[in-house]
Amino acid sequence: MDNPHHKTFDQALAAALSRGRSVAVTGFADRVVVAVRADRRRRIVIRWSSVATAAAACLVAILTLSAPSEEALNRQTLALVARDESAQFADLLGASADLSLLSPAVEKSSVAEVLNAPGS
Amino acid sequence: MSQEEPTLPDDEDDKRLMALVAEGDDDALRLLVHRHHARLVGYLRGEVGSQATAEELAMEVFIRLHRAAARWRPEAKLSTYLIHIAHNLVLNEWRRRGRKPTTALEFAAEPGDTTQQSARRVAELDEAFQRAIAQLPPEQRTAILMVVQQELPYEDIAEIMGVPVSSVKTWIHRARSRLRELLKDFYGNE
């Protein structure tokens, strides 16, 4: 074997690098195929997840667009309020509060008696 | 791991195999890997200074090649295309590590017969070269590995590194000068 110290620098550089040029690894091709299959499965899952997300977004959009308009919702709300007896009672209480403000001399208890009187 | 020299891949066979890989043929992929992995691992080991990291990166190169198989156009040699992907992964690896790769190889001369001493000297010199190459700036190291180790033409190296050919020539010249300086104990002033 040649003494490497006797070679010129460029020859030695080429020789040193060419010795590491090719490094065959036993079983490497099989490892790559296993890794590629796993990558393929992972990408299929990601693709179907994206499809499912897009489908869900479309469903939400359809439900939102087919919902009643704002005007219709207002009408429904007013109708519900009109049927709400508790709201009517609140109106009466509001009226009693107004009376107490306008007529401070009238005692609140007497107003309550009037309201609670039969036929009121 | 073995140090066998595979036969040079034939471009036409590579094209045929890539078409099969694009159709999902795993046997074609296995054959393609078998033909190209040794040089790829050799290049990556020179770049990162670690066999394990080189194998990991080479694995990633082939996964990316598989993903791109359907879009691949045989404008360049497949071996050059693989080195191109590998170079991009090396750049990512350096960014991830936040530092340049270094090798920490230890060697010591041992007494023995003449043949063993000569073989030891070769190993010693190889390790000295590897350590010196690891100390080069990244662009110089990549350029010298591609031209001397992988025997790629300047034009291909320029395309892979995304720089003009003149830059590649400059880096190679500086790399040789720096290596001479680092290895002056072995070669003196030639």
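Predicted model: local features only at pLDDT ≥ 70, side-chain atom pairs only at ≥ 80, totals over all residues.

Me: OK, so where does R43(A) fall, buried, exposed or partly exposed?
Reply: R43(A) is partly exposed, because its relative accessibility is 28%.

Me: And which residue does R43(A) pair with in a salt bridge?
Reply: D39(A), with the closest N and O atoms 3.3 Å apart. D39(A) is buried, at 1% relative accessible area.

Me: Switching to chain B. What does D27(B) meet in a salt bridge?
Reply: R30(B), at 2.9 Å from N to O. They're three residues apart in helix α2 of chain B, again about one helical turn. D27(B) is exposed at 54%, while R30(B) is partly exposed at 26%.

Me: Now the interface. How many salt bridges are there between chain B and chain A?
Reply: Nine. One of them joins D26(B) to R37(A), with the closest N and O atoms 2.7 Å apart. α2(B) gives the largest share of the chain B side, 12 residues.

Me: How much area is buried between the chains?
Reply: About 4000 Å², with carbon and sulfur atoms giving 61% of that. On the chain B side, R30(B), M59(B) and Q149(B) lose the most area to chain A, together 13% of what that side buries.

Notes. Residues numbered from 1 in each chain as written. Chains lettered and ligands numbered in written order. Heavy atoms only, no water. Buried area = accessible area lost by both parts, 1.4 Å probe. Salt bridge = Lys/Arg side-chain N within 4 Å of Asp/Glu carboxyl O. Helix = DSSP H or I, 4+ residues; strand = E, 2+ residues; numbered from the N terminus. Buried < 20%, exposed > 50% of the residue type's maximum accessible area, 1.4 Å probe, protein only.
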